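This report describes selected features of one protein model. Please keep the sequence and the structure in view while reading.

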Amino acid sequence: MKTLTVPPPVTLPNGDDLSFAQWVEGMTSDRKFGASAKTIFQAVEIIRLVKEANGTVQLDTAHWELLRDVISEPSAPYNPAIMIHAAPFLRAVLEPKE
């Protein structure tokens, strides 16, 4: 089990706010989540847990590992103009509490 601290929303260069839940849901559109029915169900569970989070979210280690792998090396490169602002989201996933 991994515990993630939910960071506050960030403001993107266009002025829009982006929440951690919105970002995670967007990351689940990565092709790695579409590899099998199992990974689709993992995506559904991750999204549900993150949307229900109140400050922290606990993910099963297998779910966290899939999310970590996608975030560490997404199928398509990140847009750095956006990800510079969303860096707290990366840190929240890549540096969980045990």
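Predicted model: local features only at pLDDT ≥ 70, side-chain atom pairs only at ≥ 80, totals over all residues.

Glu 25 belongs to helix H1 (residues 20–27) and Lys 51 to helix H2, so the pair ties together parts that are 26 residues apart in sequence. Lys 51 itself is exposed, with a relative accessible area of 52%.

Side chains of opposite charge can pair when their charged atoms come close. The model has 5 salt bridges by the rule applied here. The table lists three of them, including the pair already described.

| Salt bridge | Closest N and O atoms |
|---|---|
| Arg 48 and Glu 45 | 2.7 Å |
| Glu 52 and Arg 48 | 2.8 Å |

Arg 48 and Glu 45 both lie in helix H2, at a separation of 3 residues, about one turn of the helix. Glu 52 and Arg 48 also both lie in helix H2, 4 residues apart, which again is about one turn of the helix. Through salt bridges that share partners, Glu 45, Arg 48 and Glu 52 are joined into one network. The accessibility of these residues can be stated one by one. Glu 45 is partly exposed, at a relative accessible area of 27%, and Arg 48 is partly exposed at 36%. Glu 52 is exposed, with a value of 52%.

Helix H2 (residues 37–52) also contains Val 44. Is Val 44 buried or exposed? Val 44 counts as exposed, because its relative accessibility is 52% and the exposed class begins over 50%. Together with Ile 40 and Phe 41, Val 44 makes a nonpolar surface patch of about 320 Å².

A further feature is the largest pocket, which holds about 210 Å³ of space. Which classes of residue make up the lining of the largest pocket? The lining has 6 nonpolar, 4 polar and 2 charged residues. Among the lining residues are Gln 22, Trp 23, Gly 26 and Met 27. Ser 29, Asp 30 and Arg 31 also line this pocket, as do Pro 74, Ser 75, Ala 76, Pro 77 and Tyr 78.

Conventions: Residues numbered from 1 in each chain as written. Heavy atoms only, no water. Patch = residues over 30% accessible without salt bridge, like charges linked within 9 Å, V, L, I, M, F, W, Y side chains within 5 Å. Areas by Shrake-Rupley, 256 points an atom, 1.4 Å probe, with all protein chains shown as cover. Salt bridge = Lys/Arg side-chain N within 4 Å of Asp/Glu carboxyl O. Helix = DSSP H or I, 4+ residues; strand = E, 2+ residues; numbered from the N terminus. Buried < 20%, exposed > 50% of the residue type's maximum accessible area, 1.4 Å probe, protein only. 1 Å grid on protein atoms, 1.4 Å probe; cavity = no way out; pocket = protein on both sides within 12 Å on 5 of 7 lines; lining within 4 Å. Points joined across faces, edges and corners; volume = space filled by probe spheres on them. Nonpolar A, V, L, I, M, F, W, Y, C, P; charged D, E, K, R; others polar.
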